[in-house]
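Subject: Structure handover

Hello,

Here is the structure I promised to pass on. Please open it first, then read my notes below.

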Amino acid sequence: MEKMNQALEKMKMLVGMDVEDEETAPQQESSFVFMDDLNRNCTLSTKQRLYGFAICLTTGITCTLLSMLVFFNPIKFGITFSLGNLLALGSTAFLIGPKRQVTMMLDPVRIYATAIYIASIIIALFCALYVRNKLLTLLSIVLEFGALIWYSLSYVPFARSMVSKVVMACFDTES
C-alpha cells in the first residue's frame, strides 16, 4: 500500500498538484491573489486533469489541422489556427494548474517569447476578424507560427541558443 501511495504522490507531482493536503498547507501571502483564488476554486482530481488536458489538446490540434482545409481563405484560416493555438496552450494549465502555467510563462527566461506569442495570436485574430485583410492575416499567422516555435523552444534547455547558432551559420555571408 505504501508503494501505491508513493506512486500516487509522484503522479500528483508530475501533473503539478500539491502533494500535501490543502487544509494542512500553510497559507502564504502572494502577489498572485487572483491566481491563488483560481487555483483554490479549480481543484480537479488527477483523472479530471488528464481528461481536461487530453480534450483541450486534442481539440486544439484538431482546430490547427482543420485550419489547413481553409488555408486559401486566410480569414477563416487565421481564426481556426489561432483558436487551435489558444486551446493547445490552455491545455497545459490542466496539467500544472493555471497559477503555475502563468508563473512559468512569465519566467524571465521566456517572458519575451510569451509576450510575442500572445501578441501574435491577438494580432492574427484582430486582422482576421476586424481588419479582414487577407495579406495582413497571412503575415500575422506566419508571425504567430514563428512565435509558437520560439515559445516552445524556451521550454527545452539550450534549444533557442542552438537554433540561433544554426540560423546564423546558415545566413553567414562572411565565409
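Start with helix H5, residues 98-105. Its buried residues are Pro98, Gln101 and Met105. Seen down the axis of H5, these buried residues fall within an arc of 60°, so they line one face of the helix. An α-helix has 3.6 residues a turn, so residues three or four places apart point the same way.

Please keep in mind that this is a predicted model.

Now the whole chain. The protein chain has 8 helices and 0 strands. From the N terminus on, its elements run α-α-α-α-α-α-α-α. The chain has 175 residues, and buried residues make up 27% of them.

Next, the record. An unreviewed UniProt entry carries the annotation "transmembrane region" for residues 50-71, 77-97, 109-131 and 137-158. Two of these spans can be set against the model. Residues 77-97 are 95% helix and 0% strand, and the end C-alpha atoms lie 30 Å apart. Residues 137-158 are 77% helix and 0% strand, with the end C-alpha atoms 32 Å apart.

On to packing. Two packed helices are described by the angle between their axes and the distance between the axes. I have two pairs for you.

H3 passes H4 in a left-handed crossing. What classes of residue make up the contact of H3 with H4? There are 12 nonpolar, 10 polar and 1 charged residues in that contact.

The second pair is H4 and H7. The axes of H4 and H7 come within 9 Å and cross at roughly 20°. An angle under 35 degrees counts as roughly parallel, and H4 and H7 are therefore roughly parallel to each other. The crossing of H4 and H7 is left-handed.

Now the loops. Serine 67 lies in the loop between H3 and H4. Is serine 67 buried or exposed? Serine 67 has a relative accessible area of 0%, so it is buried. The cut-off for buried is under 20%. Serine 67 and serine 82 are 15 residues apart in sequence. In space they are 9.2 Å apart, C-alpha to C-alpha.

Most residues other than glycine have a negative phi. Arginine 132 has a positive phi, near 55°. Arginine 132 is found in the loop between helix H6 (111-131) and helix H7 (134-153). Its relative accessibility is 53%, so arginine 132 counts as exposed. The cut-off for exposed is over 50%.

Phenylalanine 158 also has a positive phi, near 65°. Where does phenylalanine 158 lie? Phenylalanine 158 lies in the loop between H7 and helix H8 (159-170). With a relative accessible area of 70%, phenylalanine 158 is exposed. In the UniProt record, residues 137-158 form one of the spans annotated "transmembrane region".

Those are my notes on the structure. It is yours now.

Best wishes

Notes. Residues are numbered from 1 along each chain as its sequence is written. This is a predicted model: local features need pLDDT of at least 70, side-chain atom pairs count only at pLDDT 80 or more; totals for chains, interfaces and linings use all residues. Side-chain values use heavy atoms; hydrogens and water are left out. UniProt positions are given in the numbering used here, feature names are shortened, and annotations may be inferred rather than shown by experiment. Helices (H or I, at least four residues) and strands (E, at least two) are DSSP runs, numbered from the N terminus. A crossing is left-handed if the near helix is turned anticlockwise from the far one by less than a right angle, and right-handed if clockwise. Ala, Val, Leu, Ile, Met, Phe, Trp, Tyr, Cys and Pro count as nonpolar, Asp, Glu, Lys and Arg as charged, and the others, Gly among them, as polar. Buried means under 20% relative accessible area, exposed over 50%, partly exposed in between (1.4 Å probe, protein chains only). The arc is that of the directions from the helix axis to the C-beta atoms. Axes are lines fitted to C-alpha atoms, for helices over the stretch in contact, and angles run from 0 to 180 degrees between N-to-C directions. Angles under 35 degrees count as roughly parallel, over 145 as roughly antiparallel, 65 to 115 as roughly perpendicular and the rest as oblique.
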